[in-house]
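Look through the sequence and structure first, then read on by topic.

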Amino acid sequence: MTGPSLRARLSSPAREVAPALLGGLLTTRRSDGTVTLRITELEAYEGERDPGSHAYRGTTPRNAVMFGPAGHLYIYRHLGLHHCVNLVCGPVGTASALLLRAGEVVRGADVALARRSATGVCRRTVDLARGPARLAVAMALDRADNGADLVARGGSVSVIAPAVPARWVATGPRVGVSGPGGDASTYPWRFWIADDPTVSAYRRAP
DNA sequence: GAAACGATTTGCT
DNA sequence: GCAAATCGTTTCT
């Protein structure tokens, strides 16, 4: 699944896209090297009707990208320290998006390790991109990449999405957010690959 | 113009 | 296990 067909698939609501994107390969090409990430953990945000979404109170300069076409990156700074990376989903006009929470570095682990070593210690390969901020560092993604189109040919960032078997996909409540109407347990909007060691540890079990 | 707050990580107790 | 770190964006006066 690549090119225009990928854009079409991403134009569905985030909760429908999420299972198809698990196992997807995200690649960034930078001057210090190329890193490819196998996506293992995602969270869906449903825009204006989702209190957990930055788009809950409508469009602002910051979240404008989320209301645009699917396949672009929405990246923001959190707590003044780190970045979180989202993939915009849904049709134009909706702010549906998927937060990339974790992944497995399958190519360029040495490059990712060098980037991670600049800020902290990372002993194991599975920790390279375990967690949203770590993922951003390992992939060298920051606000400069906000709005980048992953589907366009020739871009420095791209994604392909081979499907993983449905039985590998686990779901559960999002981290630190309740669904609309309250109870987080009734909104299993987090998706991950079952038993994958790169999924955030204490969040691994529902 | 000012103030509050946050989709987290890290390091210390 | 808990608390500090840190700053752009949003919201209110």
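Which atom of DNA strand B is 3.0 Å from an N or O atom in the side chain of H54? A phosphate oxygen of DNA strand B is.

This is a predicted model, in which local features need pLDDT of at least 70, side-chain atom pairs count only at pLDDT 80 or more, and totals for chains, interfaces and linings use all residues; side-chain values use heavy atoms, with hydrogens and water left out. Residues are numbered from 1 along each chain as its sequence is written, while chains are lettered from A and ligands numbered from 1 in the order in which they are written.

**Confidence**

- The mean pLDDT (the predictor's confidence in each residue, from 0 to 100) of chain A is 89.
- In chain A, 90% of the residues reach 70 or more.
- Over residues 202-206 the pLDDT is below 50.

**Overall fold**

- Chain A has four helices and eight strands. These are DSSP runs numbered from the N terminus: helices are H or I with at least four residues, strands are E with at least two.
- From the N terminus on, the order of elements is α-α-β-β-β-β-β-α-α-β-β-β.
- Of the 206 residues of chain A, 49% count as buried. Buried means under 20% relative accessible area, exposed over 50%, and partly exposed in between, with a 1.4 Å probe and protein chains only.
- Among contacts in chain A with a separation of 6 or more, 62% join residues 24 or more positions apart.

**DNA strand B**

- There are 18 residues around DNA strand B. A residue is near a strand if one of its heavy atoms lies within 4 Å of it.
- H82, N86, L99, P132 and R134 come nearest to DNA strand B.
- Sugar or phosphate accounts for 47% of the atoms of DNA strand B within 4 Å of the protein, and bases for the rest.
- R134 has a polar side-chain atom 2.8 Å from a phosphate oxygen of DNA strand B. A polar contact is a pair of N or O atoms within 3.5 Å; within protein, one must be able to donate a hydrogen and the other to accept it, and residues adjacent in sequence count only if both atoms are side-chain atoms.
- G52 has a polar backbone atom 3.3 Å from a base nitrogen of DNA strand B.
- β3 (73-78), β4 (82-88), β5 (96-107) and α4 (132-138) are the elements that give two or more residues to the surface near DNA strand B.
- The largest share, three residues, comes from α4.
- The surface near DNA strand B divides into eight nonpolar, six polar and four charged residues. Ala, Val, Leu, Ile, Met, Phe, Trp, Tyr, Cys and Pro count as nonpolar, Asp, Glu, Lys and Arg as charged, and the others, Gly among them, as polar.

**DNA strand C**

- R57, T60, P61, R62, L79, G80 and L81 are the residues around DNA strand C.
- They divide into three nonpolar, two polar and two charged.
- Of the atoms of DNA strand C within 4 Å of the protein, 71% belong to sugar or phosphate and the rest to bases.
- L79 places a backbone N or O atom 2.5 Å from a base oxygen of DNA strand C.
- R62 has a polar side-chain atom 3.2 Å from a sugar or linking oxygen of DNA strand C.

- Helix α2 (residues 14-21) has A14, V17, A18, A20 and L21 buried.
- Just after α2, G23 takes a positive phi of about 90°.
- In helix α3 (residues 109-117), V111, A112, R115 and R116 are buried. They lie on the same side of α3 because they cover an arc of only 135° around the axis, taken from the directions from the helix axis to the C-beta atoms.
- D110 and A114 are exposed on the other side of α3.
- The cover over the buried residues of α3 includes β1 (25-30), β2 (33-46), β5 and α4.

**The loop between α4 and β6**

- D145 lies in the loop between α4 and β6. D145 is buried, because its relative accessible area is 11%.
- The side chain of D145 makes a polar contact with the side chain of R30 at 3.0 Å.
- Not counting residues up to four places away in sequence, D145 touches R30, L73, I75, A140 and V157.
- R153 lies in the loop between α4 and β6 (157-160). R153 counts as exposed, at 85% relative accessibility.

Note on methods. Contact means heavy atoms within 4.5 Å.
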